[in-house]
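The following exercises are to be worked through with the sequence and the model side by side. Each task is followed by a solution in steps.

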Amino acid sequence: MEPESDVLVRIGTERNGQGRVTKNGYGVLHLPWLVNEHPDWPRMIEREVADIAAAIRAAHGVPLKYLIWAGMGGSAEDKAFYQAAGLLKGGVRVYLLDSTDPAKLRAILDHIQKIDKQPLTKALRKCLIVGMAMGMTSYEPVVNLEKLDGLYRKLKISNQSNFVYMTLPDSVLDRFASKRGFRRVPLQPDGGNTTAGRHSGPLTRGSLYPLALNGCKLDSWLQATTLSSGEVQAALRLAGFLDANVRAGRDKLTLFLPKKWAAGAVWTKQDFEESLGKSDELGIKIAIQEKLKLANYRPSKEETQDRCFLVVNVAGEQNPDSAKVGVLRRAGYPLAVLKLSGEAAVARYMQFIHYVVFGLGYLWKMNFVTQPSVELYKSIAARVHGQALNRGGIEKTPAWERLADSPLRLKWRGGLTVNLAALQKLGLIRDDDLRAEHGNAAAVYAAALDRLVRQEIVRYGELTYFGDSRYHRPGIQLRRALDSSADRVFRSRLKIPADVYEGPAMNHSYHEMIIGHGGALSTIVICDEQDTFKKLDYSPDYHRAQWLATVLALLERGRPVIPLTIRDLSENSRAALREFFSEVAKRLPPGGR
């Protein structure tokens with residue numbers, strides 16, 4: 001294949017340094033076309049998961065009850081979508097192990113033990129652990145699989161029937177898992193490897209196994225992914241609508257989904273931003289987790305109004321408030337409404353969004369299957385972690401020491417610190433910013449943010465917590481504090497969107513946009529006191545290396561980043577965080593630029 005011969009080759013394949021095509025990335029469109037040619041696929045997947053469950057029963061004399069999915073970003077977000085939409089309630093409880101924070105694995109195991117009402121030695125026999133990585137260098141699933149494998153060995157439980165993995169041949173995960181004799185299954189039903197991680201839903205085994213284990217009607221699911229020509233044309237029209245708005249400066253797509261589909265917003269955001277976040281000139285920011293509130297948007301006729309809107313209505317679901325949507329339309333905001341009905345609407349929606357992303361990639365002549373900025377972060381994390389191992393801890397690495405010793409590491413009450421060294425290195429903070437209220441941390445943060453927004457260097461915010469906010473209750477509470485802070489500072493005060501999520505899952509989900517396209521002020525949060533899972537000899541060193549690598553990757557690309565640390569996950573620390581951002585908001589002029 002010659003990349004210069006056709007635009008479709010250029011935008012949908014991976015190439016090496018010599019320009020030769022090394023991977024076809026069109027599996028995301030190809031697999032649905034194969035569905036009608038392979039009516040046996042639903043039964044094939046059902047047999048496979050039945051065989052896995054039977055192997056666990058044969059080995060341990062117990063049924064399969066728990067599925068622990070070790071994967072990041074695109075290898076996990078589809079399952080989060082299905083879970084929230086009520087598709088995984090058929091009997092096998094699904095846990096997403098999408099972090100190297102030891103607290104996440106501990107919380108999962110504690111929950112399994114609690115609901116099973118059995119000690120771990122018995123409950124683990126009922127678990128299926130799946131490792132999934134669609135990148136050659138993804139190391140996070142290896143970290144977690146190694147700890148879980150060690151736990152089975154420590155408890156003297158035979159585990160060959162309990163571990164399965166999906167990945168690319170000769171990847172880091174493949175080399176690790178094959179040495180331990182874990183069962184490898186091909187990601188795609190056709191045996192190919194032509195899908196990126198974010199494209200694995202709705203039609204790879206990574207998506208189909210959890211659904212099949214919970215009794216989903218796979219015949220209807222697979223058929224729903226085969227869009228009609230009219231549906232494909234509707235997706236391409238939506239791509240045209242978005243392209244026209246982006247070129248007119250309205251490059252913030254604000255997405256509203258049905259209530260039960262809320263987790264699908266992150267999946268959608270990832271599909272757009274990881275696929276299309278590569279260019280300084282063209283990009284589309286997906287704003288999610290917002291209430292439909294006109295007071296938070298700039299007037300539709302104002303020159304700085306930079307939003308367009310997509311509302312998704314699904315038959316039988318609690319959809320976005322139609323009265324508010326009507327007000328939005330009458331106020332003159334650019335608005336598209338997608339209406340879906342029928343069985344397996346989630347599958348149809350996912351495939352529809354894939355076509356929209358492809359359409360924008362075609363219009364922008366942009367490769368929609370690669371993720372160069374994600375690879376940057378992963379390479380830095382590997383380097384920092386290697387230094388930490390050689391020097392006896394992450395605190396002894398040069399990059400960590402530079403951050404810790406910086407004179408621009410400003411203290412706030414309750415043990416919170418804000419580090420402005422990266423902004424100084426990028427030339428994005430001024431002496432008068434630093435002198436605000438005699439160096440008051442909230443005043444300095446507010447002064448820098450206000451100026452960067454007025455200069456249009458910053459067009460949205462990011463608040464990312466490096467720690468578990470899915471299962472660990474204190475982490476969930478911290479996430480809520482960040483959500484309220486994002487509302488107070490960015491959405492209400494400055495009238496700009498804000499991303500709030502968990503790292504490093506975010507790095508595999510939509511960090512491509514933040515690094516590649518830019519426009520964000522990233523505040524990357526971590527606790528000074530980190531959980532250590534001593535029973536598994538699971539330290540937080542790699543997790544902390546990922547936090548540091550995120551800061552360094554943003555800095556390397558010239559993106560504004562502020563490392564923020566809190567003492568721990570206590571209520572005192574959460575209160576300090578809320579108070580800090582409340583004070584920032586008070587110092588910002590209403591309405592932003």
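**Exercise 1.** Across which strands does helix 11 (residues 229-247) lie, and at about what angle does it run to strand 10?

*Solution.* The structure is a predicted model.

Step 1. Helix 11 lies across strand 8, strand 10 and strand 11. Its angle to strand 10 is about 160 degrees.

Step 2. Helix 14 also packs on the sheet and touches strand 8, strand 10 and strand 11. The direction of helix 14 makes about 140 degrees with that of strand 11.

Step 3. The sheet itself is open, has four strands in the order 9-8-10-11, and shows parallel pairing. Strand 9 and strand 11 (335-340) are the edges; each has a single partner strand, so one side of each has no neighbour in the sheet. On average, and with direction ignored, neighbouring strands of this sheet are turned by 25 degrees against each other.

Step 4. Within the sheet, strand 8 (residues 252-256) and strand 10 run parallel and are joined by five bridges.

**Exercise 2.** Determine how strand 3 (residues 66-70) is placed within its sheet and whether its residues are buried or exposed.

*Solution.* 

Step 1. Apply the cut-off for burial, under 20% relative accessible area. Five of the five residues of strand 3 are buried, so the strand is largely enclosed by the rest of the structure.

Step 2. Separate the two faces. Tyr66, Ile68 and Ala70 lie on one side, Leu67 and Trp69 on the other, and both faces are covered.

Step 3. Identify the partners. Strand 3 pairs with strand 4 (residues 93-97) in the parallel sense over five bridges; here leucine 67 has valine 94 as its bridge partner, and tryptophan 69 has leucine 96. Five bridges also join strand 3 to strand 5 (residues 127-133), again in parallel, with tyrosine 66 opposite cysteine 127.

Step 4. The open sheet has five strands in the order 4-3-5-6-7, with parallel pairing. Strand 4 and strand 7 (183-184) are its edge strands, each pairing on one side only.

Step 5. Helix 7 (residues 140-154) lies across strand 3, strand 4, strand 5 and strand 6, at about 155 degrees to strand 5. Helix 9 (residues 205-213) lies across strand 3, strand 5 and strand 6, at about 165 degrees to strand 3.

**Exercise 3.** Explain why helix 4 (residues 77-84) is described as largely enclosed.

*Solution.* 

Step 1. Six of the eight residues of helix 4 are buried, and therefore the rest of the structure largely encloses the helix.

Step 2. The buried residues are Glu77, Asp78, Lys79, Ala80, Phe81 and Tyr82.

Step 3. Strand 3, helix 4 and strand 4 form a right-handed β-α-β unit. After the helix comes glycine 86, with a positive phi near 80 degrees.

**Exercise 4.** Which residues touch the most other members of the largest nonpolar core?

*Solution.* 

Step 1. This core has 153 residues, and Leu109, Trp261, Phe272, Val312 and Tyr349 touch the most other members. Its largest share, 13 residues, is supplied by helix 14 (residues 345-364).

Step 2. Apart from this core lies another, of 46 residues, including Ala446, Val453, Ile496 and Cys527.

Step 3. Follow the contacts of tryptophan 261. Beyond its neighbours within four places in sequence, tryptophan 261 is in contact with residues including Phe81, Ala85, Val312 and Tyr349.

How values were computed:
Residues are numbered from 1 along each chain as its sequence is written. This is a predicted model: local features need pLDDT of at least 70, side-chain atom pairs count only at pLDDT 80 or more; totals for chains, interfaces and linings use all residues. Side-chain values use heavy atoms; hydrogens and water are left out. Buried means under 20% relative accessible area, exposed over 50%, partly exposed in between (1.4 Å probe, protein chains only). Helices (H or I, at least four residues) and strands (E, at least two) are DSSP runs, numbered from the N terminus. A nonpolar core is a set of buried Ala, Val, Leu, Ile, Met, Phe, Trp, Tyr and Cys residues joined through side-chain atoms within 4.5 Å. Contact means heavy atoms within 4.5 Å. Two strands pair if DSSP finds at least two bridges between them. A crossover is right-handed if, with the strands pointing away from the viewer, the path from the first strand over the helix to the second runs clockwise. Axes are lines fitted to C-alpha atoms, for helices over the stretch in contact, and angles run from 0 to 180 degrees between N-to-C directions.
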